Amino acid sequence: MEAGEGKERFQKQRQVLIFFVLLGIARAGSEPRHYPVAEEMESGSFVANLLKDLGLEVDELAARGPRVVSKGKKVRLHFDRQTGDLLLDEKLDREELCGPTEPCVLPFQVLLENPLEFFQAELRIRDINDHSPVFLDKEIILKISESITPGTAFLIELIPLGNAEDLDVERNSLQNYTIAPNSHFHVLTRSRRDGKKYPELVLDKTLDREEQPELSLTITALDGGSPPRSGTVQIHILVLDINDNAPEFTQSLYEVQVLENSPLNSVIVTVSASDLDTGNFGTISYAFFHVSEEIRKTFQLNPITGDIQLVKYLNFEAINTYEVDIEAKDGGGLLGKSTVIVQVVDVNDNPPELTLSSITSPIPENSPDTVVAVFSVSDLDSGDNGRMMCSIENDLPFLLKSSVENFYTLVSQGALDRESRAEYNITITVTDLGTPRLKTQHNITVLVSDVNDNAPAFTQTSYTLFVRENNSPALHIGGVSATDRDAGANAQVTYSLLPPQDPHLPLASLVSINADNGQLFALRALDYEALQALEFRVGATDRGSPALSSQALVRVLVLDANDNSPFVLYPLQNGSAPCTELVPRAAEPGYLVSKVVAVDGDSGQNAWLSYQLLKATEPGLFGVWAHNGEVRTARLLSERDAAKHRLLVLVKDNGEPPLSASVTLHVLLVDGFSQPYLPLPEAAAEPAQADPLTVYLVIALASVSSLFLFSVLAFVAVRLCRRGRAASLGGCSVPEGHFPGHLVDVGGTGTLSQSYQYEVCLMGGSGTSDFKFLKPILPNGLVQDAEQN
């Protein structure tokens, strides 16, 4: 089966070969006929009737079996065997079949059989305007430098795929180019040697990239058809830059305010420049332009961004304004310049300063409105930060006065008193008005010098000193003290004794004073019994100029010492015949026998006397009252009692050590007062000398009476004097100790506190003179007391 198929294929190939050989011979022997036809005619369109050209009749066509064949090409014709018409088998596209070749001829043959015969013919396809000019790119980019001069032509054909194509031919092909109206270009249509047309742009006006960096033009290609067809293309012209523009800053002058405490690396300002050029010509770098070294140390300029940063702390007080020149350079070397003015804004970072020009210390007291200090204040800051106010404490006697600008004086306000306050610590506070407020304090110590404006002042207006009598000479008895509130020599006090009011008082021989310390001394032994009190005035004088002085009263009270023994006034103890007391045997217990009367020259408790019965002939018969010296019977007398009794009575004071005296009292018991007087047996008989003894007794009785009267008067006078002294001393009196209850204070007048009446019996010619006790006269109280006992 495969062998049969191969044989059949070989026979067909041989027939085709023979056909072409014959066809070539036929063509070589005759000229082919031409049949025109317009392209794009519909399938089945009539081309020509071949009967005449084939020389056949209609009825012969079927017998000859005509058919159309084409060499190597698809047969696009159909031969109608019934009519002999040649018809189009499909639409013909000249541009597809022939392209740009003109004329477009399609050869074909008509093959007749029985007998075999070939008929040569050509189909000429006529072009119609069925294609518009077409640009292969819808947009063409053309780069033109802005430095190109007008009149320069730009060949679009030099741009790849820059001219339009029109598949039609002859008149229907592309004929010319036009351009949309514009101010920079016009277009020319040029023809090449092969007849193709191309556009040529011609520059009419200089391009300026900075003004118009891009242009868009529309070029239209027109063919010659009727109606004509066209095609357009967009020409996008990019204007190429040249370095024809220098960089320009957005501001020719930058002014910026920067706080002086701005942190390091902070951006204070950014300068900006622009260059209308592009590319490297538009690339800008920034740099300082002829600036000082201080500016380079303070600021740093970023060459790319134009940021100016702080690299050093600002100080308004050192430099408050910087003028910085900045240059901007493009890639072509063109420069632009701007200036940056940096105003440093003050912040309150400097406290006020106080400068002391002069100070006066110490200043004298009692001197008002004295200039103490002169000072000036300053603040390196400005504005409110540099405005200041000064103040001191309100409780000080000083005042701040403003003189010239920023100068002040510190003045004392009123008279100062050094004695009240000798030193002032003044704090001057200087405060600025910034935010936050800063202040400075300065301490000034002002001393107040003394003026002798204070007299010495005694610690007491009067002094009472006590000295015991019988003192040793030059004995320190006390002192006075005066102080002076002044200072230095004005406070040095000298003491002196002022002349006494009584010119007869020998004060200088009694007392002396230490001029430096006011100590008082008794120059000689004082006797209380002679001088009980001494009053004088002491002066205190300072050493100021003029000197001031003051006085004080000094009372020296002489204290009694127990230097006087009791003195017995009665009975007399003069060595003469003793006095005998007569007591009736019928006397009741408590009968007053006698009274021992004694005095003591001392005072106080040294003069308080007590009585004691030391010895008696018959103990228990008589008793002595301790406080008044009364001798009384202690019991009833009897016949067994002896007639004669001798009593020894001790009189003792209350001093330390106590002093005493004794007295002997003779008592004779009698039955009645009519009984003759019997002398004591132990009394020695003396020659009768009545007259001298009587005189002595009278003198003694007068002395006792006088002494008693004087004692009473002295007692009254002392009491009155003490009352007056107590009133002058404000109730101050000599302290007295606790006295025993059994002692009676008789005020230094002895113990004769009761009134008695005595009778003196003088017996002439008897050889003796006796003092006879007749009858005591007792006060009512004493009588009642005796009756009770």
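These are my notebook entries on a predicted model.

**Overall make-up**

I started with the secondary structure and got 8 helices and 49 strands for the protein. Next I looked up burial: of the 789 residues, 40% are buried. I then checked how far apart in sequence the contacting residues sit. Taking contacts between residues at least 6 apart, I find that 68% join residues at least 24 apart. For the surface I have an accessible area of about 42,700 Å². Carbon and sulfur atoms account for 53% of that surface.

**A nonpolar patch**

Which residues form a nonpolar patch on the surface? I get F708, V712, V716 and L720, and together they have about 320 Å² of accessible area.

**A glutamate in β42**

I moved on to E581, in strand β42 (residues 580–584). Is E581 buried or exposed? I read 0% relative accessibility, so E581 goes down as buried. What does the side chain of E581 make a polar contact with? I found the side chain of Y570, at 2.6 Å.

**Aromatic pairs**

My search of the whole structure for aromatic pairs turned up 7. One of them is F135 with Y177, which I noted as tilted, with 6.1 Å centre to centre and 50° between the planes. Why does this pair tie together separate parts of the sequence? F135 lies in the loop between β7 (117–126) and β8 (139–145), while Y177 is in strand β10 (residues 174–179), so the parts joined are 42 residues apart in sequence.

My last entry is an aromatic cluster. Which residues form it? I list F458, Y463 and Y495 as one cluster.

Key: Residues are numbered from 1 along each chain as its sequence is written. This is a predicted model: local features need pLDDT of at least 70, side-chain atom pairs count only at pLDDT 80 or more; totals for chains, interfaces and linings use all residues. Side-chain values use heavy atoms; hydrogens and water are left out. Helices (H or I, at least four residues) and strands (E, at least two) are DSSP runs, numbered from the N terminus. Buried means under 20% relative accessible area, exposed over 50%, partly exposed in between (1.4 Å probe, protein chains only). Contact means heavy atoms within 4.5 Å. Accessible areas come from the Shrake-Rupley method with a 1.4 Å probe; for residues, only the protein chains shown count as cover. Patches are made of residues with over 30% relative accessible area and no salt bridge: like charges are joined within 9 Å, nonpolar side chains (Val, Leu, Ile, Met, Phe, Trp, Tyr) within 5 Å. A salt bridge is a side-chain nitrogen of Lys or Arg within 4 Å of a carboxyl oxygen of Asp or Glu. A polar contact is a pair of N or O atoms within 3.5 Å; within protein, one must be able to donate a hydrogen and the other to accept it, and residues adjacent in sequence count only if both atoms are side-chain atoms. Rings of Phe, Tyr and Trp (its six-membered ring) pair if their centres lie within 6.5 Å; planes under 30 degrees apart count as stacked, over 60 as edge-to-face and the rest as tilted.
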